[in-house]
Amino acid sequence: MDWLELKPEGLFCAPGAFYIDPLQPVAHAVITHGHSDHARPHHTHVTATPETLAIMHLRMGEGRAGHTRQPLHYGQVISVGDVQLWLAPAGHVLGSAQVVMEYRGQRAVVSGDYKRAPDPTCVLFEVVPCDLFVTEATFGLPVFRLPDPAHEIGKLLHDVRLFPERTHVVGCYALGKCQRLIALLRNAGYHDPLWLHGALLPMCRLYESLGIPLGELRSATVAQKAEMRGGIVLAPPSAIADRWARRLPDPVVCLASGWMHVRQRAKARGVELPLVISDHADWDALLETCRATGAKEIWVTHGREDALIYALGKMQIHGRALRLIGYEDEDEDVPEGGPA
Ligand SMILES: [Zn+2]
Ligand SMILES: [Zn+2]
């Protein structure tokens, strides 16, 4: 497949003259989702789902989120140059999409970030059969077999009941993880008000305006200390171990991240209650997804490519590490203390 190529700006679809999640400003960018390593500012024309466009607008403000913006609903097919282009759900965060391109009888799919587990805040990942699949590999090692998020939420609620005098402060990334945690808590029957750090509220309000109900949310910043005793406070990962959290009544520091699977990471960050909840596919889900697409060729991004490429080889699938030719470097996907 020679019509999808790597350029310094990122992955380029030559017959459509557009880039996918480019790292530098370009004339036409197709954006998979709103996380800052994928959705960067100052592109001239941006194509993305309506939700991703709204998220970019909220995070970047008018002017930086693309000069012209083209909303594309899941499954809506458009022609860009000689390419048929459409978006399919990626199950990662609200609005997240895989980019599907068809050209001269070949189909390529760029996953962006994805997970297979159901998430009440976004549409479930859809397997799109293809010839070339570009996958992420954030958790591309066999040790990463992540638990059911409902189990992790159960752990948190058990601890909340066990220590009614303490305040549980949960670190979570502002886009996606925060809203998913809230929805999981609501699904588990927790309907008390949740207290939110000011940095998390605007994205929650946007999710609600886009049809994702989150129950009663209150600002932790203006709350009286005593009101939050026994409650659950959500904050960005950077805030849970600093002065901001110390003003809470006897805080129990929790962090929701796939990286909490690694005990030393939790310890190093002063996390008392690690919650292993990830918006990325784990090892089994990566392999199963690559197999399910039927692709004969898989390109791998986001760090841990080697183990995945080896495992794909055993399934007679040809893998290629994009990192080796400079497309993306793992650190770029580690905003605020680890991938969401
Ligand atoms: Zn992401
Ligand atoms: Zn990513």
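## The largest nonpolar core

The largest nonpolar core in this predicted model has 101 residues, and those touching the most other members are Val169, Cys178, Leu181, Val233, Leu234, Cys254 and Leu275. A nonpolar core here is a set of buried Ala, Val, Leu, Ile, Met, Phe, Trp, Tyr and Cys residues joined through C-beta atoms within 7 Å. Buried means that 20 or more other C-beta atoms lie within 10 Å of a residue's own, with C-beta atoms placed from the backbone; 12 or fewer is exposed, and in between is partly exposed. Helix α3 (residues 177-187) gives this core its largest share, six residues. In general, nonpolar side chains in soluble globular proteins tend to be buried together.

What does leucine 275 touch, setting aside its neighbours within four places in sequence? Leucine 275 is in contact with Glu152, Lys155, Leu156, Cys254, Leu255, Ala256 and Met260. Contact means that the C-beta atoms of two residues, placed from the backbone, lie within 7 Å.

## Two domains

The protein splits into domain 1 and domain 2, with bounds that come from an automatic or database domain assignment. Their C-alpha centres sit 29 Å apart. Where they meet, 15 residues come from domain 1 and 14 residues from domain 2. On the domain 1 side there are eight nonpolar, five polar and two charged residues. For these classes, Ala, Val, Leu, Ile, Met, Phe, Trp, Tyr, Cys and Pro are nonpolar, Asp, Glu, Lys and Arg are charged, and the others, Gly among them, are polar.

## Helix α1

Now for helix α1 (residues 50-60): Glu51, Thr52, Leu53, Ala54, Ile55 and Met56 are buried there. The buried residues of α1 pack against β5 (45-48), β6 (68-71) and α4 (201-209). After α1 comes glycine 61, with a positive phi near 85 degrees.

## The whole protein

Count up the protein and you get eight helices and 19 strands; these are DSSP runs numbered from the N terminus, helices being H or I with at least four residues and strands E with at least two. Buried residues make up 48% of the 340 residues. Among contacts with a separation of 6 or more, 59% link residues 24 or more positions apart.

## Reading the model

Residues are numbered from 1 along each chain as its sequence is written, while chains are lettered from A and ligands numbered from 1 in the order in which they are written. As this is a predicted model, local features need pLDDT of at least 70 and side-chain atom pairs count only at pLDDT 80 or more, while totals for chains, interfaces and linings use all residues.
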